[in-house]
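Subject: Structure for you

Hello,

Here is the structure I promised. Please open it alongside this note; what I found follows below.

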Amino acid sequence: MYTKDFLTYLKKFPDENGYFGKFGGAYLTPELENAMKEITDAYWSICKSSEFVAELRRIRKEFQGRPTPVTHLKRLSDSLGNVQIYAKREDLNHTGAHKLNHCMGEGLLAKYMGKKKIIAETGAGQHGVALATAAAYFGLECDIYMGAVDIKKQAPNVARMKVLGANVIEVTEGLQTLKEAVDAAFEAYAKEYKDCIYCIGTAAGPHPFPMMVRDFQSVVGIEAREQFIEMTGELPDAVVACVGGGSNSIGMFSGFLSDPVEIYGAEPLGVGTKIGEHAASLNYGTEGIMHGFNSIMLKDENGNPAPVYSVASGLDYPSSGPEHAYLQSIGRVKYGTASDVEAVDAFYKLSRLEGIIPALESSHAVAYAIKLAKEMKKGSILLCLSGRGDKDLDYVIENYGIPSKK
Ligand SMILES: *Cc1c(COP(=O)(O)O)cnc(C)c1O
């Protein structure tokens with residue numbers, strides 16, 4: 001269960017203005033300031049009520065299928081040496097990834113606040129699908145803003161959102177991808193906030209989202225800690241998760257922050273270390289403000305968010321949530337990288353040695369755990385398998401082929 005230190009940490013961070021050390025905050029236009037304040041107030045009064053907590057717990061059990069199991073990856077471990085690797089199976093969460101953990105929380109909050117609609121942007125469409133699922137469950141309207149380029153590229157997710165009853169709103173400004181979709185969603189929200197709430201897709205954005213998403217995702221780390229101790233009688237030596245905006249990782253990490261456990265985030269190194277070749281913002285970025293919060297970000301020569309790339313579309317974000325920037329700055333969590341090639345190799349290893357096809361995002365955590373296992377020589381690693389890889393099959397086969405069996 002919760003340790004006392006863990007509760008103290010959650011109380012202390014973020015502070016009342018949404019800061020984790022110097023990272024976080026809320027840098028907003030006046031219209032959005034009111035809207036965010038409404039969500040913050042509602043979060044403190046509603047999400048802490050025993051009624052809300054009990055209802056969310058019931059939804060997680062009866063609709064999402066929680067708790068998700070922890071699996072000992074025995075054949076993968078044996079293939080590497082003596083280190084034992086375990087996976088927290090968020091791929092078995094309804095809709096196949098961890099994102100539903102915060103979307104159901106946000107949807108339930110919308111319902112308690114008496115809102116009729118939830119609004120968000122989506123890039124690859126994963127967040128849009130999770131949110132459309134929550135909207136259908138709670139009987140809320142759902143507007144998903146999506147760049148025209150992404151709509152073409154992500155046809156299966158667009159279809160899923162529409163089947164679930166969401167409105168997919170095409171954004172045709174600028175490069176017609178995620179950044180423009182964020183701007184359009186915020187613009188709509190500023191106009192409509194009395195009737196709707198905005199639901200961010202990760203542990204980033206202005207306060208209160210990094211805190212709220214962390215708290216909703218912390219179920220991953222709390223469950224995993226309890227399950228791991230039950231299975232092995234002890235804590236893992238290391239915990240690993242992939243970091244895009246940082247929601248599955250902060251959920252996993254938050255269960256272990258006050259334990260004597262090494263914690264590692266795996267960022268996407270893409271195809272190289274130059275700007276535009278990767279999305280490893282904590283490894284190569286500098287301090288700056290974007291999308292309403294202060295964190296570590298990748299910038300172009302003009303100081304704007306840099307173009308980013310990863311084989312895993314869910315990881316290609318030019319910054320990371322402010323809590324990660326803080327945990328890196330105090331040395332509590334180490335952030336390393338895994339490249340496209342390492343991730344695809346891990347994708348096939350896990351598929352063939354364990355019968356689990358991981359999402360390409362999660363494959364970065366697997367790849368990092370494999371590297372770490374070789375360094376550690378003994379002990380145990382618990383990784384967060386954030387999602388399943390069905391969505392990535394066609395892409396991987398087309399671009400990397402199917403390796404021959406050795
Ligand atoms: C979206 C996504 C991620 C990355 O998002 P975080 O907020 O960094 O967790 C990772 N894994 C899967 C399966 C995803 O869909």
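Helices (H or I, at least four residues) and strands (E, at least two) are DSSP runs, numbered from the N terminus. This is a predicted model, where local features need pLDDT of at least 70, side-chain atom pairs count only at pLDDT 80 or more, and totals for chains, interfaces and linings use all residues. Residues are numbered from 1 along each chain as its sequence is written, and side-chain values use heavy atoms, with hydrogens and water left out.

Two cis peptide bonds first. P208 sits in the loop between strand 8 (196-198) and helix 10. The bond from H207 to P208 is cis, with omega near 15°. P67 is in the loop between helix 3 (50-64) and strand 3 (70-72). The bond from R66 to P67 is also cis, with omega near 0°. Most peptide bonds are trans.

Now the ligand. Around it are 16 residues, of which K99, T202, G244, S247 and S386 come nearest. Here, near means that a heavy atom of the residue lies within 4 Å. A ligand nitrogen is 2.7 Å from a side-chain N or O atom of S386. A ligand oxygen is 2.8 Å from a polar backbone atom of G244. A backbone N or O atom of G246 is 2.8 Å from a ligand oxygen.

H291 has a positive phi, near 45°, and is not a glycine. H291 lies in the loop between strand 11 (286-290) and strand 12 (293-297).

Best wishes

How values were computed. A polar contact is a pair of N or O atoms within 3.5 Å; within protein, one must be able to donate a hydrogen and the other to accept it, and residues adjacent in sequence count only if both atoms are side-chain atoms.
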